Amino acid sequence: MTEIAVRFDIENALKILGITPVNHGTWTGSNSFGSGENISSISPVDGATIATVKTTTQNEYENVIKTASEAFKIWRKLPAPQRGEVVRQFGEKLREMKEPLGKLVSYEMGKSYQEGLGEVQEMIDICDFAVGLSRQLHGLTMHSERPGHRMYEQYHPLGIVGIISAFNFPVAVWAWNTAIAWVCGDVCVWKPSEKTPLCGIACQHIAATVLKANDLPEGISCLINGDYKVGEMLTHDKRVPLVSATGSIGMGKIVAQAVAARLGKSLLELGGNNAIIVTPDADIKMTVIGAVFGAVGTAGQRCTSTRRLIVHDSIYEKVKDALVKAYKQLQIGNPLNEKNHVGPLIDQKAVTDYQQALKKVVEEGGKLIVEGGVLRGNGYESGCYVKPAIAEAKPDFEIVQHETFAPVLYLLKYQGDVENAIQIQNGVVQGLSSAIMTNNLREAELFLSAEGSDCGIANVNIGTSGAEIGGAFGGEKETGGGRESGSDAWKFYMRRQTNTINYSTELPLAQGIKFNL
Ligand code: NAD
């Protein structure tokens, strides 16, 4: 495909999604345009400004919350399976829109078209999951200690769920939250990343179409736009009982404090520093595929990207040579072109962070075995394309403690037993994703045991990158402790109530207490 054809295709995708180049703003439920500052959506693919978006003002935010609160009163009354039916229709609409939305994700964020489609597929999958869930929002029944009494627990919706999302999964993370929150009976107010506002607008269009077709209030799905200042409107607002925030650890620490100060609930999905342990019993071919995809996929801009490879010294040289060889084959360029493996970073700041990380690792005594560098010239005009790099490093280097959101892989060596590798793997503040490559059952089980990985995700013979929607997703330590998506993550979107019913003619007190009148 030529570059011109790729660009034209995007214009067509935007048309199908109903996006024009100007005048997008706060969606209060009636598609009103915001009146705040302008933010530009700039594609890292070619540096083009795709559209201008207005940020949400405080007054507009007040309207959004009013609209959402009114919508909640109607939505919560609908039986959960009927809410599930709306989510089913939303999933159907996403199936229809998969290609244009996948293309927009790719063009606005910079991930490959295949990954853009994959992200929309995750939205569809979570809708399917949520539909089934809408008939399974179950509590327990317990035996009462009092005669003639029945005791059980049930879950009720919370109200408004505030969603703050990061640029790197501009649509899927919203859907993970929204599809679950909706079947739970909550309404959602979403603030997407200011770096990918059009993805937010496209999703809002799709959601609004489905709500309208069902004659439901538009306020069930609301959109606000802007940077951290608009995010703070949500985090400080006691009318928003749950804030689900995805982003950097620095952001999470501020959000957590703001929400805790008003005793609200926060669900935090923050940065990772993910490692793969490679033991002498590893399948080297599988290891290289897992490590390369994990480190360079989405240009290293996944929260689950592989940042550290902890390799046993007996196979270290072999793994290193195989990696260097694999990196030589990587094609870097326009992510809408299928032949490319690595697309651009999101913006110039990300490029600077990447350059600084490479400088720092060398200053600390590391060695670049795949050099990296910024690409210039034809096809790289946006200035956001960088070469994936590999640095030999030590586990305790300062730079290795940090998540650099770019394709930089640190190669670390361990000696002796797998316990030493686990210690290195756990020796960082983040706790999102981890993996071990081994065919040794004892090593694998130890890695998964309580003495093993301290991360929210621990894999055997799979890389760190990506996850299926059926499991609860999230990480420990400074990754924030939140869980969203599958399993029983839904419980966090609801309030739990214990009910005791007395069907006897007596009023016995608990614990046998007598209160004679
Ligand atoms: P970021 O922290 O810069 O921004 C994330 C979102 O938070 C944006 O919408 C931003 O406007 C908002 N925000 C920032 N400061 C805020 C504040 N004080 N109050 C309210 N909102 C605020 O992150 P980013 O650069 O967009 O994304 C990359 C980061 O996100 C990486 O650290 C990555 O690991 C993390 N991430 C984590 C997960 C996960 O599930 N654990 C998933 C995706 C991304």
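Two residues are in contact here when heavy atoms lie within 4.5 Å. With that in mind, welcome to this predicted model, whose chain is divided into domain 1 (3-270 + 480-496) and domain 2 (274-468). By the contact rule, 25 residues of domain 1 touch 22 residues of domain 2. The C-alpha centres of domain 1 and domain 2 are 30 Å apart.

How much area is buried between domain 1 and domain 2? The figure is about 1900 Å², and carbon and sulfur atoms give 61% of that area. On the domain 1 side, Pro44, Val45 and Glu115 lose the most area to domain 2, and together these residues make up 24% of what that side buries.

| Item between domain 1 and domain 2 | Value |
|---|---|
| Area buried | about 1900 Å² |
| Salt bridges | two salt bridges |
| Polar contacts (both at pLDDT 80 or more) | six residue pairs |

Which elements give two or more residues to the side of domain 1 that touches domain 2? They are helix H1 (3-17), helix H4 (98-109) and helix H5 (113-133). H4 provides the largest share of that side, with five residues.

Terms used:
Residues are numbered from 1 along each chain as its sequence is written. This is a predicted model: local features need pLDDT of at least 70, side-chain atom pairs count only at pLDDT 80 or more; totals for chains, interfaces and linings use all residues. Side-chain values use heavy atoms; hydrogens and water are left out. Domain bounds come from an automatic or database domain assignment. Buried area is the accessible area (1.4 Å probe) that two parts lose on being put together, summed over both. A salt bridge is a side-chain nitrogen of Lys or Arg within 4 Å of a carboxyl oxygen of Asp or Glu. A polar contact is a pair of N or O atoms within 3.5 Å; within protein, one must be able to donate a hydrogen and the other to accept it, and residues adjacent in sequence count only if both atoms are side-chain atoms. Helices (H or I, at least four residues) and strands (E, at least two) are DSSP runs, numbered from the N terminus.
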